[in-house]
Amino acid sequence: MDYPFDATDRQLDYYSEFDRRIRLRLRPLVSDAVIEEHRRKPLGQHSDALDRLLNYFRRGGMAGKLGIYRSDPVTPSYRIVRFAGVRGVPSVIEDETYGSIDEAYHAVFLRRIDELMGR
């Protein structure tokens with residue numbers, strides 16, 4: 001059936017606007033203290049500001065999301081992976097390795113902060 005107007009999914013427009021507003025509210029929460037708190041303890045209980053940032057980073061779809069890949073099961077070395085989010089499309093695994101899971105968590109956190117701040 002042909003419509004006399006452009007039929008688009010308005011839900012995507014609303015979600016985009018909602019996400020833009022959330023990002024604007026989260027940017028002031030980013031501080032050196034919050035980044036240091038995450039570096040010291042990437043998992044577990046956190047301050048309200050860090051919890052809000054982490055909750056935002058965890059939501060959403062898989063397309064473009066960052067994760068951690070353990071490249072060798074014998075030696076603990078970890079790399080950052082960016083998921084394609086599309087079946088059949090391979091994820092991109094970066095070359096830089098991290099010696100501990102906490103270092104990898106923090107590296108992903110810093111990347112997400114940069115994306116949030118528009119850098």
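The questions below concern a predicted model.

Reader: Which elements give two or more residues to the lining of the largest pocket?

Author: The largest pocket has a volume of about 320 Å³. Among its 16 lining residues, Tyr-56, Phe-57, Arg-59, Lys-65 and Glu-115 are the closest to its centre. The elements that contribute two or more residues to this lining are α1 (10–26), α3 (48–58) and α4 (101–117).

Reader: Which element supplies the largest share of the lining of the second largest pocket?

Author: The second largest pocket holds about 260 Å³ of space. At least two lining residues come from each of α3, β1 (66–72) and α4. The largest share amounts to four residues, and the element that supplies them is α4.

Reader: Is Arg-21 buried or exposed?

Author: The side chain of Arg-21 meets that of Glu-17 in a salt bridge, at 2.9 Å from N to O. A residue counts as exposed when its relative accessible area is over 50%. Because Arg-21 has 52% relative accessibility, Arg-21 counts as exposed.

Reader: How many residues apart in sequence are the parts that Glu-94 and Arg-111 tie together?

Author: Glu-94 and Arg-111 form a salt bridge in which the closest N and O atoms are 2.6 Å apart. Glu-94 belongs to strand β3 (residues 92–98), whereas Arg-111 belongs to helix α4, so the pair ties together parts whose separation in sequence is 17 residues.

How values were computed. Residues numbered from 1 in each chain as written. Predicted model: local features only at pLDDT ≥ 70, side-chain atom pairs only at ≥ 80, totals over all residues. Heavy atoms only, no water. 1 Å grid on protein atoms, 1.4 Å probe; cavity = no way out; pocket = protein on both sides within 12 Å on 5 of 7 lines; lining within 4 Å. Points joined across faces, edges and corners; volume = space filled by probe spheres on them. Salt bridge = Lys/Arg side-chain N within 4 Å of Asp/Glu carboxyl O. Buried < 20%, exposed > 50% of the residue type's maximum accessible area, 1.4 Å probe, protein only.
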